[in-house]
Amino acid sequence: MRIQLIAVGSKMPGWVEQGYQQYVKRFPADMPLSLTEIPAGKRGKNADIKRILHKEGELTMAAIPKGNRIVTLEVTGKPWDTPMLASNMEKWQMDGRDVSLLIGGPEGLSPECIAASEQKWSLSPLTLPHPLVRIIVAESLYRAWSVNTNHPYHRE
């Protein structure tokens, strides 16, 4: 099973790339984690946010390979602790499809992305900085994998 993280935003600071890569390189070959960046629309003083959100949504949906399970990261989603994420990961593997996890921009995800999702996951009721979410998701997924495979990382 391949896991694809699709995130609105590019040109992240070096610490974001370093933190994200720390976990990506730990994933096993049979469960790679990849990142697809969607350019964020320009948000100026008089920006048409609805139009920008729609465009980001179109680009996000176009980046999802046909047949993938879609999981959106949303404040209003279900909070999953590590055992719940590990359980979901096992179900995803049994399902036989690859998984696309969607992270929106400053205003979140477009209604089209939300409507297409099969699961909605909330990392926290807090609004987290989008660059940091990439690292948190990568670490959380790696930890869930380590639980499922009895890897010692989870016990650290």
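Student: How many residues of the lining of the largest pocket are nonpolar, how many polar and how many charged?

Tutor: The lining divides into 11 nonpolar, 8 polar and 2 charged residues. Here Ala, Val, Leu, Ile, Met, Phe, Trp, Tyr, Cys and Pro count as nonpolar, Asp, Glu, Lys and Arg as charged, and the others, Gly among them, as polar.

Some ground rules. This is a predicted model, where local features need pLDDT of at least 70, side-chain atom pairs count only at pLDDT 80 or more, and totals for chains, interfaces and linings use all residues. Residues are numbered from 1 along each chain as its sequence is written, and side-chain values use heavy atoms, without hydrogens and water.

Now the pocket. It is an open set of points on a 1 Å grid over the protein atoms alone, where a 1.4 Å probe fits, with protein on both sides within 12 Å along at least five of seven lines; a lining residue has an atom within 4 Å of a point. The largest pocket holds about 360 Å³ of space. That volume is the space filled by probe spheres set on the points, which are joined across faces, edges and corners.

Its lining has 21 residues. Leu 73, Glu 74, Val 75, Gly 108 and His 130 lie nearest the centre. Strand E3 (69–79), strand E5 (119–122) and helix H5 (130–148) each give two or more residues to this lining. E3 gives the most, with 4. Helices (H or I, at least four residues) and strands (E, at least two) are DSSP runs, numbered from the N terminus.

A core is a set of buried Ala, Val, Leu, Ile, Met, Phe, Trp, Tyr and Cys residues joined through side-chain atoms within 4.5 Å. Buried means under 20% relative accessible area with a 1.4 Å probe, protein chains only. This core has 29 residues, and Trp 121, Val 137 and Leu 141 are among those with the most contacts inside it. E3 and H5 are among the elements that each supply at least two of its residues. H5 gives the most, with 8. Contact means heavy atoms within 4.5 Å. Leu 141 touches residues including Ile 3, Phe 27 and Trp 92, leaving out those up to four places away in sequence.

For the setting, the chain has 5 helices and 5 strands. From the N terminus on, they run β-α-β-α-β-α-β-α-β-α. Of the 156 residues, 43% count as buried.

Terms used. Buried < 20%, exposed > 50% of the residue type's maximum accessible area, 1.4 Å probe, protein only.
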